[in-house]
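Please study the sequence and the model before working through each solution.

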Amino acid sequence: MDLVFIKFDSDLKNQKIEDLKRSGLHVIPIMPKAALAMLNSGFCDVKLPIDFLDLDYRTKIFNEAIILSKNWYSSFKDNLTFHSIDLMDCCRLQMITFFQDLLASEKICLKLIDIYKPKKAIFFSKPVTHSFDENMFNGQSDIFEAVAQWRFLQAGIEIQILERDTHKNINVKPDIKEEIAQEQFSVERLEYINAPRKTPLVVGFGIGFDLFIIWPYIKNLASKIDAVPLLLNLSPKLLINTMRSGLSYDEEMRFIFIHDIPFDSLIPKKLCDVKTDCISSLNIGNSLPEILRNPFLAFQFEKLFDAFLIGTIRSICRAEKFFKDLEVVLFIDDHNAGHANRAWTQTAKNMGVKTATIPHGLGVNLVEFFDFNAHFAFAWGELGRKNLELASPEKKDRILIVGNSFMEGFQKKDSTISASRKTILLATGGFLHQVWTDFDLSKFIDSWDKIFDHIKERPEIKFIIKPHPSFRDFGYWYKSRVNTSQLKNLEIVDDRKIEDILDEIFLTVLVGKPGTAAFVSMRCSVPVVYLDCLLARNAPGYAVWKEILPVIKSVQELFNFIDMIQDERETYSDFAHNNISLAKYMCLPFNFENVISALELKKKHNNE
């Protein structure tokens, strides 16, 4: 049976659906949103590529991708250093999803050939889009297409490309309002020439909402060690996002745009030579592991060399200039995974500056991205410490529980919730839009069908669906389901922070994925349970959550529990009291002394 691969819902809209159904072609969605669009259009037997892999192999990919990311460039590693810094190590974590999707796609393609025995495979584009930055998770990267088209050609299968209409909008981000729901607070941009000289600085490095998380740390630490806080921004602008919990605007915030820092650097000729060797080895040669010998992957490595490795060199040069010009006593970055983050951190260390990294969320769930290269990693609480240790067990002595200062603003209320409350919050979590996704299509549809059925049977209870404020979630899909259900006791809220609606909430249910919403709810005296029945594979980062949160394994079990705590107020009261007390494992108040001591910072001697 011949195959058609649909990547975006717009690909489906461009075709006559009934003709596709009658054609005898088997249609396979590459990404979750295309799968949901196919189901909405009446397709049956819809499977994502990951559905063709057994659970053991899905889990095995986790470790194999990490190993491959460290070893694939061993034959030319010596030529990839700049000022004593391993350039590829700076970019390594940006390559993790590429290797995850590569490993998954290789196995999936063998399965597809064996099951369907196609003579022809139809795609909507040639592979051109890399797996870096947002493309790692937003469904845009073409790694599956590169593997499938190459392996199918090798197997004698004809490849047909139906060019998609590039003028039509490709729906990558759901209608969550993350981009437009921003207060118009623009943080002051400081010209580099006006940066404080001969003054001790505590510097925070990042982009977007990351910097609003870092700011309270560097501001409070600077006040304790007689220093000045300063932000380094990877973007020329900094606006606050109102959909992220705990973030607030501070008039004292100011930042330097890193591209304003001048530098002098020539791109080493050896880097160009390595690029030539690498690209040619995709076709022939033995400089690369066999799994990478695929000429259709050239776009990934061209982007790696032309943008990321060169960008890393420029980051090193800017960082050297910055640390030479200014008196930086502490450098803190957010989520130590980006190539610029790692380059700046390593340069700081080489120049004698103390360094630390902070996660930008409560749960360090994607532990493969937290192999930090800073002196220390900060955790909000015991939960974060355990997840960071999963990512870097050999660095466990360098993980500090320091708390979180911006989360302290949530007021812990009386744990006795009024009996008049009749509202349940369903807080959803975003999924990974990649081939090696954590999204299980059949579990997702089955679970939400049952949730809607149970909501209909309980008109006396109000339910609110609160999508995660990122492009990874399915806000548009939830909104469509809510609208078509016409249930009077169900609404979707995507224009308010979670803390702004908790006053009316009786119970928070984390649907699919745990996250920061758990702590925010508990801090506001609303108990939390985790509905764990939607994931496609075991994720090491979620295992630690299950040691803390009550885990519910089915929708029926969830609603049995809801019915029980609604009817038995004393049981609910005991449950709520015990549950809310678990917040201390997630996040503690900021511990200044811990940080100052561990980093051997010089404390102020006055009584301020």
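**Exercise 1.** Determine which residues phenylalanine 144 contacts beyond its neighbours within four places in sequence, and whether phenylalanine 144 is buried or exposed.

*Solution.* The model is a predicted one. With neighbours within four places in sequence set aside, phenylalanine 144 is in contact with Phe5, Ile30, Pro49, Ser105, Ile108, Cys109, Leu112, Phe123 and Val435. Phenylalanine 144 belongs to helix H7, which spans residues 143-154. Its relative accessible area is 1%, so phenylalanine 144 is buried. As for leucine 103, the C-alpha atoms of leucine 103 and phenylalanine 144 are 9.8 Å apart in space, while the two residues are 41 residues apart in sequence.

**Exercise 2.** Classify the pair formed by the rings of phenylalanine 322 and tryptophan 344, and state which helices hold them.

*Solution.* The model has 40 aromatic pairs. For phenylalanine 322 and tryptophan 344, the ring centres are 5.6 Å apart and the planes stand at 65 degrees, so the pair is edge-to-face; the cut-off for this class is over 60 degrees. Phenylalanine 322 is found in helix H10 (residues 298-325) and tryptophan 344 in helix H11 (residues 339-350), so the pair ties together parts that are 22 residues apart in sequence. Phenylalanine 322 has 0% relative accessibility and counts as buried. Tryptophan 344, also at 0%, counts as buried.

**Exercise 3.** Describe the geometry of the aromatic pair of phenylalanine 444 and tryptophan 477, and identify the cluster that includes both residues.

*Solution.* The pair is tilted, with 4.8 Å from centre to centre and 55 degrees between the planes. Distant parts of the chain are linked by this pair: phenylalanine 444 lies in helix H13 (residues 441-456) and tryptophan 477 in helix H14 (residues 475-485), 33 residues apart. Phenylalanine 444 and tryptophan 477 are both buried. One aromatic cluster is formed by Phe431, Phe439, Phe444, Trp448, Phe452, Phe474, Tyr476, Trp477 and Tyr478.

**Exercise 4.** State how helices H3 and H13 pack, and which residues make the contact.

*Solution.* Helix H3 (residues 32-40) packs against H13 at an angle of about 55 degrees, and their axes are 11 Å apart. H3 and H13 are therefore oblique to each other. Their crossing is right-handed. Ala35, Leu36 and Leu39 of H3 make the contact with Leu441, Phe444 and Ile445 of H13.

**Exercise 5.** Identify the rings over whose faces lysine 107 and lysine 224 lie.

*Solution.* Lysine 107 lies over the face of tyrosine 57, 4.9 Å from the ring centre. Lysine 224 lies over the face of phenylalanine 592, at 5.2 Å from the ring centre.

Note on methods:
Residues numbered from 1 in each chain as written. Predicted model: local features only at pLDDT ≥ 70, side-chain atom pairs only at ≥ 80, totals over all residues. Heavy atoms only, no water. Phe/Tyr/Trp six-rings, centres within 6.5 Å; stacked < 30°, edge-to-face > 60°. Helix = DSSP H or I, 4+ residues; strand = E, 2+ residues; numbered from the N terminus. Buried < 20%, exposed > 50% of the residue type's maximum accessible area, 1.4 Å probe, protein only. Lys NZ or Arg CZ within 6 Å of the ring centre and 35° of its normal. Axes fitted to C-alpha atoms, helices over the stretch in contact; angles between N-to-C directions. Parallel < 35°, antiparallel > 145°, perpendicular 65-115°, else oblique. Left-handed = near helix turned anticlockwise from the far one by under 90°. Contact = heavy atoms within 4.5 Å.
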